[in-house]
Every structure is written in C-alpha cells, then in structure tokens.
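Hello,

Please find the structure below, followed by notes on what turned up in it.

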Amino acid sequence: MPQGQPLVVPDDAMNDETLFFERAIAIGRAPEVKLDRVRAGAITAAALQTRGVVLYWDTAPSESSIAPLTTFLSNGGGVVQLAGRRTAARGSTLSLLNAKASGTADRLADRGGSLRDLHFEHQLFAPFRETQDAFTATRLLRYTRLDAPTNADILARFDDGLPAVLERTIGAGHVIAETIT
C-alpha cells in the first residue's frame, strides 16, 4: 500500500468542521500523522503518488478525480468517504461505491439508534474486539440513509437495518464509506 501523509478533502462549504478531527489525529506521536487538506478538484494522479489514504469529509470526489482515484485504489491506496448531513441533503452518490444517499434517519423520537452486526474480524474493528459493548451502547440520533450496492460489504449496520459502514475492494485498495458523523 502507498505510504504518506493522508489527504482530507472537506466540502467546499466547510471551513473549520474538520479542524477538531485534524487536531485529534495530530496528537499521536507513534506514528506522527499530519493531515493535508485539499480541495476536491485538486485530486490528481500526481497529488496521489505519495499518499496512502484520501478522506472525503461529507463530500464526494469530483468527476475529474474518479480516474486518478481508481488507479490509486488499484495500486493499494485507500479512500474513506464520510457521508454526513450535506451528503444526505444533496442525495449524493458515493461514486466509488455506487451508493446513493437518500436523506437522513432521524432517531430523536426513540432516543437514538445503535450499531449492530459489526464485523470485528475486519481490520477496521479488530482493535475493539474486547470492547464491543462500547459500539452497541452508543446512541446515534441522526445518520445518513445510504442505499448499499450489491458489490459492497456491509461492515456494520444500525439497529433499523440501514448500513453504517460499507467497504468495496478495487484492485489492491479499499473504499470505505461510513454514515456515522
């Protein structure tokens, strides 16, 4: 898998929404991680050459970035797409997964939903095998409704059956989408 500092691609309307995340990641020292923030249109083959992962924060890849991202993934890179309120409101399609957002699940009336059917054997959740209750005890008040494509693995679901975390393999790389924001 390619190595290098991760890229964060926030929605153009967001100014500092990723700031907390960026600072939390930067606290670590072993290894030290610094996130580079770029605009969606700045994703090119050259920009991806020294990267290991690209994180789309409540936005989707631009049309011009699909081909370079597909090559990046084929060579072992990773893409994470966080589908939040903007993705839900737009009804965006997460093109690398071919998953369509269809609004927001509002769980205020029933005190929130919880996660279930987590695949703790997957490397994403494996570090939490001993603390599985932490995931199922967490209550989520709103999340993006995402239609799961047939070519994606569902790594976690909400208690209403909607997918929470999906994964698709493209070549040697992986695309992960998550609706918990």
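To start with a loop: where is the place of Asp117? Asp117 sits in the loop between strand 7 (115–116) and helix 5 (132–137); helices (H or I, at least four residues) and strands (E, at least two) are DSSP runs, numbered from the N terminus.

On provenance, this is a predicted model, in which local features need pLDDT of at least 70 and side-chain atom pairs count only at pLDDT 80 or more, while totals for chains, interfaces and linings use all residues. Residues are numbered from 1 along each chain as its sequence is written, and side-chain values use heavy atoms, with hydrogens and water left out.

Most residues other than glycine have a negative phi. Asp117 has a positive phi near 55 degrees and is partly exposed, with a relative accessible area of 44%. The classes are buried under 20% relative accessible area, exposed over 50% and partly exposed in between, using a 1.4 Å probe and protein chains only. Asn98, not a glycine either, has a positive phi of about 60 degrees. Asn98 lies in the loop between strand 5 (93–94) and strand 6 and counts as exposed at 55% relative accessibility.

Cores

A nonpolar core here is a set of buried Ala, Val, Leu, Ile, Met, Phe, Trp, Tyr and Cys residues joined through side-chain atoms within 4.5 Å. The largest one has 24 residues, of which Ile43, Val54, Leu69 and Val79 touch the most other members. Elements that each supply at least two of its residues include strand 1 (7–10), strand 3 (53–57) and strand 6 (99–106). Helix 3 gives the largest share, three residues. Leaving aside residues up to four places away in sequence, Val54 touches Leu7, Val9, Ile43, Leu48, Leu69, Phe72, Gly78, Val79 and Val80, where contact means heavy atoms within 4.5 Å. Another core, of 15 residues, lies apart from it; Tyr143, Ala164, Val165 and Ile176 are among its members.

Strands

Two strands pair if DSSP finds at least two bridges between them. Strand 10 has six of its eight residues buried, so it is largely enclosed by the rest of the structure. Strand 9 (residues 153–158) runs antiparallel to strand 10 and is joined to it by four bridges, with Asp153 partnered by Glu167. Strand 10 also pairs with strand 11, again antiparallel, over six bridges; there Arg168 has Val175 as its partner. Each hairpin contains a glycine of positive phi: Gly161, near 95 degrees, where four residues separate strand 9 and strand 10, and Gly171, near 60 degrees, where two residues separate strand 10 and strand 11.

An open sheet of three strands has the order 5-6-8, with antiparallel pairing. Its edge strands are strand 5 and strand 8 (142–147). Strand 6 and strand 8 are joined by five bridges, one of which pairs Ala105 with Tyr143.

Pocket

The second largest pocket has a volume of about 290 Å³. By class, its lining has twelve nonpolar, no polar and no charged residues, among them Phe21, Ile25, Trp57 and Leu82. Strand 3 gives the largest share of the lining, three residues. A pocket is an open set of points on a 1 Å grid over the protein atoms alone, where a 1.4 Å probe fits, with protein on both sides within 12 Å along at least five of seven lines; lining residues have an atom within 4 Å of a point. Grid points are joined across faces, edges and corners, and a volume is the space filled by probe spheres set on the points. Ala, Val, Leu, Ile, Met, Phe, Trp, Tyr, Cys and Pro count as nonpolar, Asp, Glu, Lys and Arg as charged, and the others, Gly among them, as polar.

Regards
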